Amino acid sequence: MLRVAVIGSGPSGVYTAQTLVGQEAVPDVEVYVLDRLPCPYGLVRYGVAPDHEKIKSLQNNLRTVLEHPRVHFLGNVEVGGAGVGLKELREIFHAVVFCVGAATDRHLGIPGEELPGSHPATDFVAWYSAHPDAAPDGFTLTARSAVVIGVGNVAVDVARMLSRGAAELAVTDMPQKALGALADSRVEDVWMVGRRGPSHAKFTTKELRELGALPGTQVVVRPEELAMDPGYRDASGLPAPVRRNIEVLHDWAERPVARAAGMGRVRRIHLRFFLRPVEILGDRPSGVRAVRFERTAPDGRGRVAGTGEHEEIEGQLVLRSVGYRGLPQPGLPFDEATGTVPHEGGRVLKDGVPYPGIYVAGWIKRGPTGVIGTNRPCAKETAMSLLADAAGLARRTVAADPVAALERAGARPVPWRGWLAIEAAEAECGRDLGRGPVKLADWAGLLRAARSAVVGR
Ligand code: NAP
């Protein structure tokens, strides 16, 4: 028997578990998938936007893995900090795979970043996704203008969520308080601002196109700004995904969309480029009032250089969407520059040599890039390394009962049936509100629902 702990139940964790139990070369692999939250699926539940139902439905695939007879989900188990330490984990499991993602946001390092009204976009995402660490009434949306810094897919997500109408959001599983706040939102203008040109934007075409399809919303681009980009003027040498982005932007520039005419309330999403944020303006306690940008220009080497020309964009809400960042893990080496754990083929490297029995997969291994599917080959590589090490790993004696041992270490795990009870409670909550399932947004509610299903162990 080989008993493995996978830390994190997002895509990389679940795909790791899937590879470990889906092979026959090493029989009797038992996988315990531990998560800090009582709910599984990581960013599929708490990052994928609620109106992306198709991507959300990936949860069904992940569920099949977590219901495998040799996979055991244990929620509400924190690793590190006040939770279970690496030493204890090693006494319970033959191997530990960290699939913890990139749990924090990157900083801009400019004045005004901490003013009221300036938030990491990931906080906004956590709020509308009902993450229990986010305050349910964290955003009131009294702003008339919102500035989103960055042009990646998270920026597109938050710009779209700020622009969607209440009726479109009511059919999602968004928590009731966030739905109410977005329904009452006074935001009319959303500015999405990139420091480089359109040929270096990180968003994908499908996500970009969706902005143009939002009812009651105009997408505004500035042809002269797009044309500053040599790649925009001549896209022939660019990779196909970038060319497709350029085509969409070109279409918007050539044919300004007037679909919103006659639809009552109109919102605008302004896509801006070649603007580098230099300061968030405002004061305490009133909060942000604008973002000051420096105009940039291509430097001929794929980067940009400041021109000394400045522009202020008004905004009472600023969402900084400049990427995620991994956090150091207890007892593991950490590369501060990339926010990842050094590894070779998924084997953690401590002082340059493999740390026996310790592995990484997903964003903590390769950094916060790629779509959900990118985690499949990444997790498979790690799982194959682990399986190749199996004979040596299985020689170590581990605790007889892993759940009892975790409890002795101070954890109060929520097993799979506890999660099923949370799902049932969310369906009931939605029924009471005349909606489909509605996510529970607080720790107490989640744990109460989970415990209702757990009698003994
Ligand atoms: P991202 O794709 O890395 O985009 C970050 C953006 O922030 C880039 O435009 C970057 O510009 C900009 N930026 C970074 N530092 C900056 C600074 N100091 N000043 C101004 N701008 C700065 O990150 P993300 O949007 O957080 O997405 C993370 C990952 O999740 C990506 O792989 C994304 O595709 C994925 N995701 C996918 C979906 C989906 O498939 N629907 C949805 C959400 C997220 P530079 O390029 O100039 O650095």
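Reply: Let's start with Lys-202: one of its polar side-chain atoms lies 3.3 Å from an oxygen atom of the ligand, which falls under polar contacts (pairs of N or O atoms within 3.5 Å). Keep in mind that this is a predicted model, where local features need pLDDT of at least 70, side-chain atom pairs count only at pLDDT 80 or more, and totals for chains, interfaces and linings use all residues. Residues are numbered from 1 along each chain as its sequence is written, and side-chain values use heavy atoms, leaving out hydrogens and water.

Arg-195 also reaches in with its side chain, putting an N or O atom 2.7 Å from a ligand oxygen. Gly-370 uses its backbone instead: an N or O atom there is 2.8 Å from an oxygen of the ligand. On its own the ligand would expose 920 Å², and the protein buries 86% of that (Shrake-Rupley areas, 1.4 Å probe).

Now step back to the whole shell. There are 22 residues around the ligand, each with a heavy atom within 4 Å. Arg-195 and Gly-370 turn up again among the nearest, together with Val-151, Arg-196 and Glu-207. By class, the shell splits into nine nonpolar, seven polar and six charged residues, with Gly counted as polar.

Which helix gives the largest share of that shell? H7 does, with three residues (helices are DSSP runs, H or I, of at least four residues; strands, E, of at least two). Helix H7, residues 153-163, lies across E7, E8, E9, E10 and E14, with contact meaning heavy atoms within 4.5 Å. H7 runs at about 175° to E8, on a scale from 0 to 180 degrees between N-to-C directions of axes fitted to C-alpha atoms.

Technical notes
Polar contact = N/O pair within 3.5 Å; in protein donor to acceptor, adjacent residues only side chain to side chain.
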